[in-house]
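Below is a short report on one protein model. It takes the domains first, then a sheet, a ligand shell and a single residue.

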Amino acid sequence: MNIKLPPRSAWSIPDDVIYFNHGSFGPAPRVVQEAREEFSRRLECQPMDFYLKQMEPALDQAMSVLAKFVGAEPRDMVFVDNATVAMNIVAETADLQAGDEVLLNDHEYGAVFRIWRRKCERVGARVVNAQLGAIQNDSTPSTASVVFGPPRLSNANEICNSLFQAVTDRTKLIVVSHVASPSAIVLPVTEICRQARERGVPVCIDGPHAIAMRHVNLREIDCDYYCASLHKWLSAPFGSGFLYIKRKLQRNLQPHMTSWGRSLAGLPERWQDQFNWLGTRDPAPFLAVPAAIEFLEQTGLEPFRQWTHHLAQSARQQLEQLFGQTAWMPDSLDWYGSMVTVPLPIGGEKRAKPNSMHPLQQKLRERFQIEIPITECRGQSLLRVSCHLYNTLEQIEYLINALKTVLTSG
Ligand SMILES: Cc1ncc(COP(=O)(O)O)c(C=O)c1O
């Protein structure tokens, strides 16, 4: 593959750390850290001038670069700290009544479930949990139960059918990941939005893993809300994310927290005002987002996607062989990108408590300096490998050898 990779010194990851967890927390390259620091310096030099004059035009400038990157208009987006904040704003805004339903599925992120359960509990609505790929004609979708065992996820129609089978006339919103956190599968969000429009149900996409990992064009996806963190695959600073909202929904938007609600620079009123100023904070992570886009564009976005998928695919194939298990999604770039999961061998060690670190993850950290998460989905533990530009085929070999040692000698 013809790709000119940046040197590892472009990041500040210590040489002895093997970092396979860009999917949770993506370290920013040094140039992005420096861009963020430069904006913080400008703020510290003259805070009055920065907040009252420089900040809003600088945010607009950064947003115009980001909006172009995700195929949207800047006027339909706002910077937020992360995808969690974006999802909380959508939940605050959702006009739910007693008896209404919000449809999620068993590949959604734990905190997202919690946001919607809390919102639904407050108003007497309920969260419905669809089981993706497992079409159950004889049972209604449940609010709590977990289906165990590997799902069949090789066909976009089957995934859509299993989701829409759970839609009723009480469904007021579908919340679905673009790239799912526990399983790393890429979900057919454009088709889901199309079918939801036919039924008149709005869709909120939880998209933090898709930004940069996938080609994202919000005009084509045509969702109602899109929530994203930019500190994952884009490698923008921690504390940068965005919320996209379809124009007709913007006037109903409720902030998740209240501040002045107006432009500090006295600019004409717009819906973003109540989100741009959430009390005094440093907007440097947002302003450094264009530096992150520029960094990836130097390698080239398509070469970045192809190369990191190649690494993930190599990890997948070797892990399948070692674990004697099959990854849940077909072996193709359409179904997973720079991140992949493979189920752990049956009968291995388990977590001591649901929230504690898996013993295998702990051993890989402590004995081999490998940072790699073990996720849970449908009652199965999955090893999730994230590959970015600083990862190598040699590191994957090191991971496989470390796993062999741990699995054979404990
Ligand atoms: C699918 C998904 N949604 C939401 C989040 C929350 O992201 P953040 O912690 O940046 O708000 C994550 C984090 O890993 C995620 O994987």
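How many Å separate the centres of domain 1 and domain 2, taken over C-alpha atoms? The two centres are 26 Å apart.

## Basis of the model

The model is predicted: local features need pLDDT of at least 70, side-chain atom pairs count only at pLDDT 80 or more, and totals for chains, interfaces and linings use all residues. Residue numbers start from 1 along each chain as its sequence is written.

## Two domains

Domain 1 covers 8-20 + 300-409, and domain 2 covers 45-296. These bounds come from an automatic or database domain assignment. The contact between them takes 23 residues from domain 1 and 22 residues from domain 2. Residues are in contact if their C-beta atoms, placed from the backbone, lie within 7 Å.

On the domain 1 side, α11, β9, β11 and β12 each give two or more residues. Helices (H or I, at least four residues) and strands (E, at least two) are DSSP runs, numbered from the N terminus. β9 provides the largest share, 4 residues. This side of domain 1 divides into 12 nonpolar, 6 polar and 5 charged residues. Ala, Val, Leu, Ile, Met, Phe, Trp, Tyr, Cys and Pro count as nonpolar; Asp, Glu, Lys and Arg count as charged; the others, Gly among them, are polar.

## An open sheet

Three strands form an open antiparallel sheet in the order β9-β12-β11. Strands pair if DSSP finds at least two bridges between them. β9 (339-343) and β11 (374-377) are the edge strands; each has a single partner, so one side of each lacks a neighbour in the sheet. The twist averages 40 degrees from one strand to the next.

β11 and β12 (residues 380-386) run antiparallel and are joined by 4 bridges. Ile374 stands opposite Leu383 in β12. Helix α11 (residues 301-323) packs on the sheet and touches β9 and β12. The direction of α11 makes about 5 degrees with that of β9. Axes are lines fitted to C-alpha atoms, for helices over the stretch in contact; angles run from 0 to 180 degrees between N-to-C directions.

## The ligand shell

The ligand is surrounded by 13 residues (C-beta atom, placed from the backbone, within 6 Å). The closest are Asn82, Thr84, Tyr109, Ser181 and Ser229. Helices α3 (83-93) and α4 (110-123) each give two or more residues to the shell. The shell holds 5 nonpolar, 7 polar and 1 charged.

## Asp273

Asp273 is found in helix α8 (residues 273-276). Beyond its neighbours within four places in sequence, Asp273 is in contact with Gly261, Arg262 and Ser263.

Key
Two residues are in contact if their C-beta atoms, placed from the backbone, lie within 7 Å.
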